[in-house]
Amino acid sequence: MTGSTALLVVTANPVLEDLEGNIDAVDWILEKDCEIDAQDADGFTALHLALFNGNFHLAKKLLSHGCRVDIRGGGNWLPLHSLASCGRELERERYKEVDF
């Protein structure tokens with residue numbers, strides 16, 4: 001499945017001050033039995049997008065719901081590549097908050 005789904009739209013947003021709102025939206029979407037591994041037009045999944053944008057809480061939520069970590073998106077990237085190339089200066093507290 002490719003295109004824009006509600007889950008892809010929510011996870012594509014960079015980290016916002018209303019992180020709880022994004023997590024609530026993802027919870028609601030996941031309750032609706034959505035396709036968690038849907039890909040956008042570039043082949044990226046919600047996990048790719050969440051990691052690329054530094055949304056580690058959302059990434060953890062997706063992982064806890066069983067999203068796949070082996071889907072290659074644009075540029076043949078795995079979600080791990082999205083994490084490694086996010087290019088954000090993330091403070092230590094953010095890493096401490098998320099228990100992967």
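1. Start in the middle: the largest nonpolar core has 19 residues, and L7, V26, I36, L47 and L62 touch the most other members. A nonpolar core here is a set of buried Ala, Val, Leu, Ile, Met, Phe, Trp, Tyr and Cys residues joined through side-chain atoms within 4.5 Å. Buried means under 20% relative accessible area, exposed over 50%, and partly exposed in between (1.4 Å probe, protein chains only). Helix 1 (6–12), helix 2 (19–31), helix 3 (46–52) and helix 4 (56–64) each give two or more residues to this core, and helix 3 gives the most, with 5. Helices are DSSP runs (H or I, at least four residues), numbered from the N terminus.

2. Bear in mind that this is a predicted model, where local features need pLDDT of at least 70 and side-chain atom pairs count only at pLDDT 80 or more, while totals for chains, interfaces and linings use all residues. Residues are numbered from 1 along each chain as its sequence is written, and side-chain values use heavy atoms, with hydrogens and water left out.

3. Now look at L7. Leaving aside residues up to four places away in sequence, L7 touches V26, I29, L30, C34, E35, I36, A46 and L62. Contact means heavy atoms within 4.5 Å.

4. Next, the charged pairs. There are 2 salt bridges, each defined as a side-chain nitrogen of Lys or Arg within 4 Å of a carboxyl oxygen of Asp or Glu. D27 pairs with K61, their closest N and O atoms 3.0 Å apart. This one links D27 in helix 2 to K61 in helix 4, 34 residues apart. In the other, D70 and R68 have their closest N and O atoms 2.9 Å apart.
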